[in-house]
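This report accompanies the sequence and the three-dimensional structure displayed below.

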Amino acid sequence: GIKDLAEACGMTAPNFYSYFDSLDQLIIEATEHCMIKIENEIMLSAPKSKEDIFPFIDKMFDLKRDFHPAEYRFMYQVFTTPRFHEFGKTFRVRQFERYRSYAEMLEPSLGVSWYMILQWILSLEQAINQFALFENATMFIMQKIHLENMARSMLKVKLEDLLGDNVYRALNGMDEKPGDC
């Protein structure tokens, strides 16, 4: 309990309590801290250029990656209980503001509107959260494909550019690229 937590921090329980107005405040701040820590971990590896987007997706959707499932389940359980729901809503507003800042920061280097990047970030977050919470690999792979398609659309990448000319021609049964005639 609190005594063990205080000992782990190298202090007494009464001293530990002096940092928080209540046990509820401790729970809220600890939950927020964990959620922001995971969010920052992901954003540290966020794409810095267009070329980084697809490797980033591959990294985020590596099923061997630590998705912190127990932490996610606990954090969402805290913020969805009636007792802490209002705090969860407030946290989500601040989180959305951070996501918008990330999107605005990435806009110049990716050459894509922050608004489109923000939609992509929210879809990424949903996919990661759902996998961490429910560990459904099939749904996760489908969400990865969705994010890749969003990225292609966002970047207006032509399929032949993505696959390479030879693969594109082979898939389409063509000997020549369109327009080569």
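## Overall make-up

The structure is a predicted model. Its chain contains 10 helices and zero strands, and the order of the elements from the N terminus is accordingly α-α-α-α-α-α-α-α-α-α.

The chain has 181 residues, of which 34% are buried.

## Helices α7 and α8

Two packed helices are described by the angle between their axes and the distance between the axes. For α7 and α8, the axes cross at roughly 170° and come within 10 Å. An angle over 145 degrees counts as roughly antiparallel, and α7 is therefore roughly antiparallel to α8.

On the α7 side, the contact is made by Met116, Ile117, Gln119, Trp120, Ser123, Leu124, Gln126, Ala127, Ile128, Gln130 and Phe131. On the α8 side, the contributors are Ala137, Met139, Phe140, Gln143, His146, Leu147, Met150, Ala151 and Met154. Sorted by class, the contact of α7 with α8 has 14 nonpolar and six polar residues, and no charged residues.

## The loop between α7 and α8

Helix α7 covers residues 114-134 and helix α8 covers residues 137-155, and Glu135 is placed in the loop between them. Most residues other than glycine have a negative phi. Glu135 is not a glycine, yet its phi is positive, at about 50°.

Is Glu135 buried, partly exposed or exposed? Its relative accessible area is 46%. Buried means under 20% and exposed means over 50%, so Glu135 counts as partly exposed.

## Helices α4 and α8

Helix α8 also packs against α4, which consists of residues 53-60. The angle between these two helices is about 170°, and their axes are 11 Å apart. This angle makes α4 roughly antiparallel to α8, and the crossing of the two is right-handed.

From α4, the contact involves Ile53, Phe54, Ile57, Asp58 and Met60. From α8, it involves Phe140, Lys144, Leu147, Glu148, Ala151, Arg152 and Leu155. Of the residues in the contact of α4 with α8, eight are nonpolar and four are charged, while none are polar.

Asp58 and Glu148 are separated by 90 residues in sequence, and their C-alpha atoms are 9.4 Å apart in space. With a relative accessibility of 41%, Asp58 is partly exposed.

Lys144 belongs to helix α8. Its side chain forms a polar contact of 3.0 Å with the side chain of Asp58. When residues up to four places away in sequence are not counted, Lys144 touches Ile57, Asp58 and Phe61. The relative accessibility of Lys144 is 18%, and because buried means under 20%, Lys144 counts as buried.

## Helices α3 and α5

The pair formed by α3 (residues 23-44) and α5 (residues 69-80) packs at an angle of about 135°, with axes 10 Å apart. How is α3 placed relative to α5? Because angles over 145 degrees count as roughly antiparallel and those from 65 to 115 as roughly perpendicular, an angle of about 135° makes α3 oblique to α5. The crossing of these two helices is left-handed.

In α3, the residues that meet α5 are Ile27, Ile28, Thr31, Glu32, Cys34, Met35, Ile38 and Ile42. Their partners in α5 are Glu71, Tyr72, Phe74, Met75, Tyr76, Val78 and Phe79. By class, the contact of α3 with α5 comprises 12 nonpolar residues, one polar residue and two charged residues.

## Asn129

Asn129 is located in helix α7. Its relative accessible area is 10%, and Asn129 is buried. Setting aside neighbours within four places in sequence, Asn129 is in contact with Tyr72 and Tyr76. Tyr72 and Tyr76 of α5 also take part in the meeting of α3 with α5.

Terms used
Residues numbered from 1 in each chain as written. Predicted model: local features only at pLDDT ≥ 70, side-chain atom pairs only at ≥ 80, totals over all residues. Heavy atoms only, no water. Helix = DSSP H or I, 4+ residues; strand = E, 2+ residues; numbered from the N terminus. Buried < 20%, exposed > 50% of the residue type's maximum accessible area, 1.4 Å probe, protein only. Axes fitted to C-alpha atoms, helices over the stretch in contact; angles between N-to-C directions. Parallel < 35°, antiparallel > 145°, perpendicular 65-115°, else oblique. Left-handed = near helix turned anticlockwise from the far one by under 90°. Contact = heavy atoms within 4.5 Å. Nonpolar A, V, L, I, M, F, W, Y, C, P; charged D, E, K, R; others polar. Polar contact = N/O pair within 3.5 Å; in protein donor to acceptor, adjacent residues only side chain to side chain.
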